[in-house]
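Grab a pencil and work through these exercises with the structure open beside you. Try each task before you read its solution.

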Amino acid sequence: MPRRLRRLALIVLLVPGLLLAALLAGAWAMAAASLPRREGVVSLAGLGAPVDVSRDALGVPVISAASFEDAAAAIGFLHAQDRFFQMDLLRRSAAGELSELLGAAALDADRAKRPLGLRAVARSVVADLPARHLAWLERYSAGVNAGLADLGARPPEYLLLRARPEPWTPQDSVLCMLAMYDSLALGARFERSGSIMRGTLPNEVADFLRPETARFDAPLIGPPGDPVGPMAVPDRTGGRAQAGPVMFHMEHSAPGSNGWAASGSKSADGRAILANDMHLALSVPGTWYRLQVEWGGAGVGGMVGVGGRRAAGVSLPGVPMVVVGSNGFVAWGFTNTTADSQDLVIVEPDPSDPARYLTPDGPEPFGTREEIIRVRGRQPERVAVRTTRWGPVVEVDPFGRTLALAWPMLDPARVNMGLLDMLDARTVDDAVSVVRAWRGEPQNTMLSDSTGRVAWVVSGWLPERGTSDGRYPASWAGAGAGWRGQLGEAWRPVLIDPSDGVVVTANQRTVPLDQSRRFGRHWSSGERAARIMAVLGERGGFTERDMLALQLDTRTEVFEAYRAAALSGVGEDGADPRVASAAAVIRGWSGRADADQEGFSALVSFRAALRRMLIEPVLAPCREKDMAFRWYWFQSDEALLRLLEARPASWLPEGVESWDDLVRAALRESVDERGAAPEWGTRSRASIRHPLSPALGWFGQWLDMPGDPLSGHGSAVRVQSASFGASERLVVSPGREEDGLFHMPAGQSGHWLSPHYRAGHRAWVRGEATPLLAGEAVSRFRLVPGDSGAEKE
């Protein structure tokens, strides 16, 4: 080939590659331009005094300010630079405005949220905020917008989406809180599932599959384990169950947490210690943003002076609040109560006028409003919303009934930002008063103070129900059927200075049965709480490291019951090698949900096989009635275990002659299901993903956390699945924050080019005891009063 042609061919081959490299280099440079600030001085309008911000090697900031109002501005600045896309998705998800950013793929989510009208709720909440709360939200919003403006380019997600961030307002902060409350509210979910079961199954079968009590119940108040008594196993109707293929899955993970506080009588040196790990869906970045805030006194410059204040813990990006942490005097943490704060109301139309509905006061016209959903890349969609005196119409169920949602968070008068006042609490008594006044989705609040005291109190606006108990959708057209107002304060659960020195909540029923029914009936199973209580009750002398070890405890008592059931049906002949193989690994199980445990993996598969064979055929009519049906009940193991203990012949699937035969068949299935991945860790690998990674193909994997094998399970204190588990682990004694421990999944920054994108994640995976407080500063910058804008040094 002539030299000229060879050169031409080389150019043809190289130019596309060079162009691609140039494009990638340009994209990298644009993304790098949006990395958070690490040094220099930035002017920020409205500051009362300079604010110093330092970061340690993990990206954990220390904010030193003259006032919390100024600190709130700095929190907003940091949130915007590290986590703005996360904040944006949170506010948009609550308001039903995701489609404006993400396009038609988000329309179903927006259609579901718009009837709730949460943006209007947020607007009204802001209008009624106390002056100092409003000032903090306003300063925070100014900080967010200044932080965005200070970036050299849009955050990288917006570069990929070819979109621009919208400014932040105080309403958006309230929307972020409402988004969290919405994710924690479970009542409507349980009612939907229960109504399908009650409408298609015999009542006694439906009730049996939704037990209200269980063997692991561990209330905080009342006898240690209220007697549940024998729960009769009902006969199956219509002959034996017809076994079939898997038709649907059963959900068991839901927002929950572990939390406990041990008084000075239980610790090694008289200090009260609080431990809290909040269980949520895991994503990148993580739910929480670590903070250390110092204000007042002579604090500017990195040290808290005389009269100065400090708070350390985690914040929710979008809100200027230490959600869980310590202020030096009081430490606080939360677990979801799983109380029933929502009711689905059957709206009965007026037979003579479909534009009206029946109420205790006679027919009343539906309210109406139009919601406009802006959709990126296409025309806006208009949604007509009907409203009732009880709440918005949210659906027509499979039985043709119109349902409205009653939920305190839809009434601005029942929502506030009262948790902000926890910064002022000095004792557990102060903190209890703050929690009583805070209006949000009901939470178990664990408290400890610097004098060694502990307490527990339930937060939120709790409805006092009328004749309808909230278990299933019901009409409120009759007199006395609906809510009568707020449940009296005398009924609010509170426990201060318990005699045994410990308060423990893990989403279980916490009070005697008659009292608990005023709050709900769908309590989480009590095995986690029972395990924590047992360990804390064994001895005293606990330290922070002991508490972290308990947070990482993988013992699971419920699977001991399944082990006994599995081995009871094996027999001695060993004729079936698959049965013998499963039995052998189950016998060798350590009793823990550790990643290296083959026996635990076998038992998880054994339980799944039993559900497929025993429960799914029974629920087949529910699936036929509603293709979206899920058996959703925290105490589902209790029903299955009682079947295994009672062994009723009417529940055996067609073709199965005995319960021993059923157990052996389930063991064979467990071997097939595990296949070439026998150890638990090979089945419980982390799947912690960035929201954009599924759309980015191979490149998206780079945004996700590694697929590490994970120890833990939903039945263990160390709650864990591939994408659900501890969103943080915190252990702290108020006044001794320097001894506190903390870790969380993913990293501090949501910017994937930041060195802090994954920093700290490995400690969470391994359960390492890493400090709560920030380490040595590796970078510093200052915010100063003046017109917003950067001043380069």
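Before you start, you need one term: contact means heavy atoms within 4.5 Å. Keep in mind, too, that this is a predicted model.

**Exercise 1.** Work out which helices cover the buried residues of helix H19, and check the length of H19.

*Solution.* Start with the span. H19 runs over residues 659-674, and at 1.5 Å a residue its 16 residues should span 22 Å; the end C-alpha atoms are 23 Å apart, so the two agree. Next, pick out the buried residues, taking buried as under 20% relative accessible area. In H19 these are Trp 659, Leu 662, Val 663, Ala 665, Ala 666, Leu 667, Ser 670, Val 671 and Arg 674. Now look at what lies over them: the cover includes helices H15 (558-568), H16 (577-587), H17 (598-625), H18 (636-646) and H20 (680-683). Finally, step just past the helix, where Gly 675 has a positive phi of about 50 degrees.

**Exercise 2.** Find the order of the strands in the open sheet of 4 strands, and say what packs on the sheet.

*Solution.* Trace the order first: E16-E17-E10-E20, with mixed pairing. The edges are E16 (393-396) and E20 (474-475), each pairing on one side only. Zoom in on one pair: E16 and E17 (residues 402-406) run antiparallel over 3 bridges, and Val 393 has Ala 404 in E17 as its bridge partner.

Definitions and conventions
Residues are numbered from 1 along each chain as its sequence is written. This is a predicted model: local features need pLDDT of at least 70, side-chain atom pairs count only at pLDDT 80 or more; totals for chains, interfaces and linings use all residues. Side-chain values use heavy atoms; hydrogens and water are left out. Two strands pair if DSSP finds at least two bridges between them. Helices (H or I, at least four residues) and strands (E, at least two) are DSSP runs, numbered from the N terminus. Axes are lines fitted to C-alpha atoms, for helices over the stretch in contact, and angles run from 0 to 180 degrees between N-to-C directions. The expected span of a helix is 1.5 Å times one less than its number of residues. Buried means under 20% relative accessible area, exposed over 50%, partly exposed in between (1.4 Å probe, protein chains only).
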